[in-house]
Amino acid sequence: PADTSIWRLIKKFGANRSKTSQSSIDPLHNQDLCSSVLMKIANADPRPTPPCPPYQQSYDIELVTLHELNCAISKCNKKSAPGLDGITYKMIDHLPTAAKIILIEIYNVCLKNALPILDWKNIKILYLKKNHNKKSKLTSADIRPLALISCVAKLLNSILKSRIDRHIHLNNLLPSNMHGFRRRHSTNNNLLTLTKDIICGHNNGESTQVLFLDVVSAFNHVRIDVLHKEMVRLNFPTYLADWVAKFFTGKTYTDGAHYIYSNVGLDQGSTLSPILFNIYSATLLGEVHLSKMITYADDMAMYATGKKVHENLDRLQSDLYSISASLDNLNLRINYGKSNIVDFSLRHDRNLILTISGSTGVIEQKRTVRYLGLLFDDNLNWGAHVKYIKQRVKMDIDALAYLKGTRWGNHPDDQMTLYKSVIIPKINYGAFIYLNQSANAVKHLQCSQNAALRRITGMVRTTSITAIHAITGVLPMEFQARYAVYLQYVNLYINNMQARQELDELHTTLYYKYSNKYHRLQVSIRSMKDFTEEMKMFLPNDQQLKIMVPSGGWASLVTSSIPGVKKGEGTQVEQLCKTREYLVSKYPNFTQLYTDGARGVEGVAGAMWCGLHDLGRGVKLHPVSTSYQAELEGLTLALSHISAHDKIERLVILTDSKSALQAIANLKQGDLPPVCLLRLIQQLQRRLDEGYTLRLQFVPSHIGLTGNEKAD
């Protein structure tokens, strides 16, 4: 990897030399400005705050465990800045087990009484500059406040977030069109839903008018008492709802020069804030009846599709009035200056100016609007977004030039690392939408790629494009774009049932009614569907996608080594003797099942063999499948076969795939297993629920172990 100094430079300059000035603001030298920002954070709701839930002597709680704490530590960003107490994640990570147990006891006492430690509610505020024109005077709108909360408190909140996520996931509490900060959801899901409805409307001769709503400081205006009532209504455990209410009230904000007390708002530095905002704002989608609404946190879009524009506007107007009352109750306010309406019609009447009236302002029409990082133009040809990406890529290319000269600076390999890590993600984001509909977009971005590769390698302009790609090993933009599009389509198609249905609907609409404008899109979706069928990809159902790692995980079932047996050490006979001795001593009364998977010239297959029944079974996989997938298939077959055994039996599955066992053991409590493990995990959990005693044990391969050889 590139030297860390390179990353510090690219982060400092941000692909723009004008950003070399200090990005943070000193409150001692800007007291009035910082004080006004702090007041906006703390006093977001002028109404008196209702009292917290009454104190309860002791709550019935799910105790925090050492496993949960270790999972939370492993998931956190170790480089995250500490709060006012100065305690970092690294310090907590290096605590001995005895100290962690004491910390867990503190957590459990706090939860039993729903009383956070007061120091956890003292929050440090840093002020960061947004992109600001130096010629204009700095205002509070140009400042982004950053809340630094105690890492000790954030770890406990991370544990509670997993429990809140689990309750939401298993009970399906959030609307399907709410995609922000949810498992197996992303901005791609939101963008797919919106563009699918617009394109299907176009193909049916209908127009779509979209209302992009901007909410003023949404997180800072959350009323904690309303949030608490909503959590109670959704049957969250009482201790969770009361903890949230008491943790987010009675906070003290300080920037070192000012101190202010607050009872409202969700701090944007808190791990709980995004998911709590989803719970808080979920009722808004239920108020929309005549149109459709999709959200990603505080980014909201409401739209109507139909033959007549004025009827669509009437529906949007009616639903905007409906949600206005709910927004007021939630203490949320629409920013009419930043909210826009866009007319996605096949034929635009430029003399017709669309407007929507709100309770305190008017939302005006724009031809281009930014939503979730993409620039939507009213023709949906993505010209504005491609131009924007080219400008950003040019800034990055200039930054690469700043880091390397003819005889000094980064090695070309380091420059290539930066190109792949900084420039390519900008191009690939949303590729399944904008690169898939416009052939010109790929041509324009090919020019940007050529410029970047010339800058990295030092090649002159007369060097042929073919030679540049051959030397650097970088795919031409056409193939790179196609790969990014298919990858994003496959991820959406496999990981989310709603996205799968939307892609099927979009393909069906475009297939039965030809559209020259969207022909490339239809071909891409058809190719993706053919690819998944040809590769025999596993498409999980809704029940499988809801599988979540239970409390404690499955690590206790897995043993991925045998003492004294290591690959390449000792003779085959010695390894066989040690393995047999170990299995007899550890699993004296266990029925043994062996699994194996292999990839060779004859194909790919997974298999199992049961010693008790003297029975084996194998399944042949697609030729491009990996040996890892074959090993997982063997384990799945063994778990399926277990149902033929008596429940009083104790069973051990012996496999020579250490990677498969480690994948199972490494799943953390509250995680959603990767798709490749879903069938295996589903079978494993079923057998455990049925009362079987199961163990998964690693054994070395090709040492003469009878069961392993038969499975092989």
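Me: Hi! I'm new to this one. What follows helix 7?

Reply: Welcome! Glycine 205 follows helix 7, and its phi is positive, near 75°. Keep in mind as we go that this is a predicted model.

Me: Thanks. How many residues does helix 7 have, and how far does it reach?

Reply: Helix 7 covers residues 187-203, which is 17 residues. From first C-alpha to last it reaches 24 Å, close to the 24 Å expected at 1.5 Å a residue.

Me: What happens at the start of helix 7?

Reply: There, a side-chain oxygen of serine 186 comes to within 3.2 Å of the backbone nitrogen of asparagine 188.

Me: Which strands does helix 7 lie across?

Reply: Helix 7 lies across strand 3, strand 6, strand 7 and strand 8 (340-344). Relative to strand 6, helix 7 runs at about 155°.

Me: In what order do the strands of that sheet come?

Reply: The order is 6-7-3-8-10-9, an open sheet of 6 strands with mixed pairing. At the edges stand strand 6 (292-296) and strand 9 (355-357). Each has a single partner strand, so one side of each is left without a neighbour in the sheet. From one strand to the next, the twist averages 20°.

Me: How do strand 3 and strand 7 pair, parallel or antiparallel?

Reply: Antiparallel, over 8 bridges, with strand 7 made of residues 299-306. As a spot to look for, valine 210 stands opposite tyrosine 303 in strand 7.

Me: What about helix 12, which strands does that one lie across?

Reply: Helix 12 (residues 309-329) lies across strand 3, strand 6, strand 7, strand 8, strand 9 and strand 10 (362-365). Its run is at about 145° to strand 7.

Me: Let's look at a loop. Where is serine 217 found?

Reply: Serine 217 sits in the loop between strand 3 (207-214) and helix 8 (224-233). Its phi is near 40°, a positive value in a residue other than glycine. Serine 217 is partly exposed, at a relative accessible area of 40%.

Me: And valine 216, buried or exposed?

Reply: Valine 216 has 18% relative accessibility, so it counts as buried, the cut-off being under 20%. Valine 216 is also in the loop between strand 3 and helix 8.

Me: Which residues does valine 216 touch?

Reply: Leaving out residues up to four places away in sequence, valine 216 touches His221, Arg333, Ile334 and Asn335. The C-alpha atoms of valine 216 and tryptophan 243 are separated by 26 Å, and these two are 27 residues apart along the chain.

Me: What is the phi of tryptophan 382?

Reply: Phi of tryptophan 382 is near 65°, which is positive in a residue other than glycine. Tryptophan 382 lies in the loop between strand 12 (374-377) and helix 13 (383-402). It is buried, with a relative accessible area of 0%.

Me: New topic: serine 273. Where is its place?

Reply: Serine 273 is in helix 10 (residues 273-281). Its relative accessible area is 0%, so serine 273 is buried.

Me: Which residues does serine 273 touch?

Reply: Not counting residues up to four places away in sequence, it touches Phe219, Phe248, Leu266, Asp267 and Gln268. For aspartate 267, the backbone oxygen lies 2.4 Å from a polar atom of the serine 273 side chain.

Me: How many disulfides does a search of the whole structure find?

Reply: The search finds 0 disulfides. As for two cysteines, cysteine 34 counts as buried at 0% relative accessibility, and cysteine 577 counts as partly exposed at 49%.

Terms used: Residues numbered from 1 in each chain as written. Predicted model: local features only at pLDDT ≥ 70, side-chain atom pairs only at ≥ 80, totals over all residues. Heavy atoms only, no water. Helix = DSSP H or I, 4+ residues; strand = E, 2+ residues; numbered from the N terminus. Buried < 20%, exposed > 50% of the residue type's maximum accessible area, 1.4 Å probe, protein only. Polar contact = N/O pair within 3.5 Å; in protein donor to acceptor, adjacent residues only side chain to side chain. Contact = heavy atoms within 4.5 Å. Disulfide = S-S within 2.5 Å. Expected span 1.5 Å × (residues − 1). Pairing = 2+ DSSP bridges. Axes fitted to C-alpha atoms, helices over the stretch in contact; angles between N-to-C directions.
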